[in-house]
Amino acid sequence: NGWRDLMRSSLLFSSTSNQPTMFKLAAIASLIAGASAFAPAQQGASSTALKAFESELGAQPPLGFFDPLGLLEDADQERFDRLRYVEVKHGRICQLAFLGQIVTRAGIHLDGAIDKAGNSFDSFPNGLAAVFGPNAIPQAGLIQIFLFVGFLELGVMKDVTGEAEFPGDFRNGALDFGWDSFDEETKLSKRAIELNNGRAAMMGILGLMVHEKLNEIGMVADLPIIGALQ
């Protein structure tokens with residue numbers, strides 16, 4: 001009924017107005033476009049799309065399905081898989097970063113020299129200071145790290161053979177570690193554990209970086225496991 005009334009009023013406006021035809025058509029189009037913004041069918045489609053992902057792996061207690069930024073509104077399965085791949089990748093990187101913080105701050109470093117000048121690995125600071133501080137790794141070293149990470153991203157850490165069972169499966173028919181011997185419940189459990197550990201590591205490494213910068217303004221915090229950041 002609403003659409004029929006809108007069309008009647010639009011046609012009446014078109015037949016009685018003395019304005020040019022192009023203005024009439026533009027006005028009718030504006031009315032229709034404005035009304036379509038409130039169409040309930042679109043809201044229903046968005047709600048249906050969100051419900052489709054509420055039972056996906058990772059929607060677990062205590063938060064359940066958690067999408068405060070609305071990234072999955074009107075999303076299809078392809079977009080969800082892309083976001084899940086990014087989440088898994090970032091989680092893995094942050095787990096390595098957090099572990100690296102713990103190891104190096106415990107005084108454990110590689111032996112030998114890091115460059116031809118004879119500088120040892122432990123002669124450089126830990127954390128962000130190794131990249132941005134006054135005693136940071138030389139630019140040539142940072143370029144090497146950047147190129148190596150790019151090589152891993154583009155040529156190694158991806159589904160090369162097309163055999164991936166889920167986003168983030170980079171076995172490529174070569175690595176297994178007993179995965180194929182697990183039942184489906186065990187596989188889902190291990191993937192959920194990886195997601196949770198990755199999410200915790202993302203928050204953890206962010207917290208360490210924030211505390212490291214707070215030290216620069218005299219707000220030194222004595223953190224568990226790694227102590228005060230220097």
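Two cavities of 30 Å³ or more are found in this structure, which is a predicted model. The largest cavity holds about 50 Å³ of space. Its lining is made up of Leu57, Arg84, Val88, Phe166, Pro167, Arg191, Glu194 and Leu195. Helix 4 and helix 7 are the elements that give two or more residues to this lining, and helix 7 provides the largest share, three residues. By class, the lining of the largest cavity has five nonpolar residues, three charged ones and no polar ones.

The second largest cavity holds about 40 Å³. It is lined by Glu87, Val88, Gly91, Arg92, Gln95, Glu194, Leu195 and Gly198. Helix 4 and helix 7 each contribute at least two residues here, but in this cavity the largest share, five residues, comes from helix 4. The lining of the second largest cavity divides into two nonpolar, three polar and three charged residues.

Helix 4, residues 77-105, and helix 7, residues 184-215, each supply at least two residues of the pocket lining. That lining has 19 nonpolar residues, along with five polar and five charged ones.

Next come the aromatic rings. Across the whole structure there are four aromatic pairs.

Another pair is formed by Phe166 and Trp179, whose ring centres are 5.7 Å apart; the planes stand at 55 degrees, so the pair is tilted. Phe166 and Trp179 are 13 residues apart, and each lies in the loop between helix 6 and helix 7. Phe166, a residue of the lining of the largest cavity, is buried with a relative accessible area of 14%. Trp179 also counts as buried, at 11% relative accessibility.

Ring pairs join Phe166 and Trp179 with Phe182 in a cluster. Phe182 has a charged neighbour as well: the charged end of Lys190 sits over the Phe182 ring, 5.2 Å from the ring centre.

Technical notes: Residues are numbered from 1 along each chain as its sequence is written. This is a predicted model: local features need pLDDT of at least 70, side-chain atom pairs count only at pLDDT 80 or more; totals for chains, interfaces and linings use all residues. Side-chain values use heavy atoms; hydrogens and water are left out. Helices (H or I, at least four residues) and strands (E, at least two) are DSSP runs, numbered from the N terminus. Ala, Val, Leu, Ile, Met, Phe, Trp, Tyr, Cys and Pro count as nonpolar, Asp, Glu, Lys and Arg as charged, and the others, Gly among them, as polar. On a 1 Å grid over the protein atoms alone, a cavity is a set of points where a 1.4 Å probe fits but cannot get out, and a pocket is an open set with protein on both sides within 12 Å along at least five of seven lines; lining residues have an atom within 4 Å of a point. Grid points are joined across faces, edges and corners, and a volume is the space filled by probe spheres set on the points. Rings of Phe, Tyr and Trp (its six-membered ring) pair if their centres lie within 6.5 Å; planes under 30 degrees apart count as stacked, over 60 as edge-to-face and the rest as tilted. Buried means under 20% relative accessible area, exposed over 50%, partly exposed in between (1.4 Å probe, protein chains only). A charge sits over a ring if NZ of Lys or CZ of Arg is within 6 Å of the ring centre and within 35 degrees of the ring normal.
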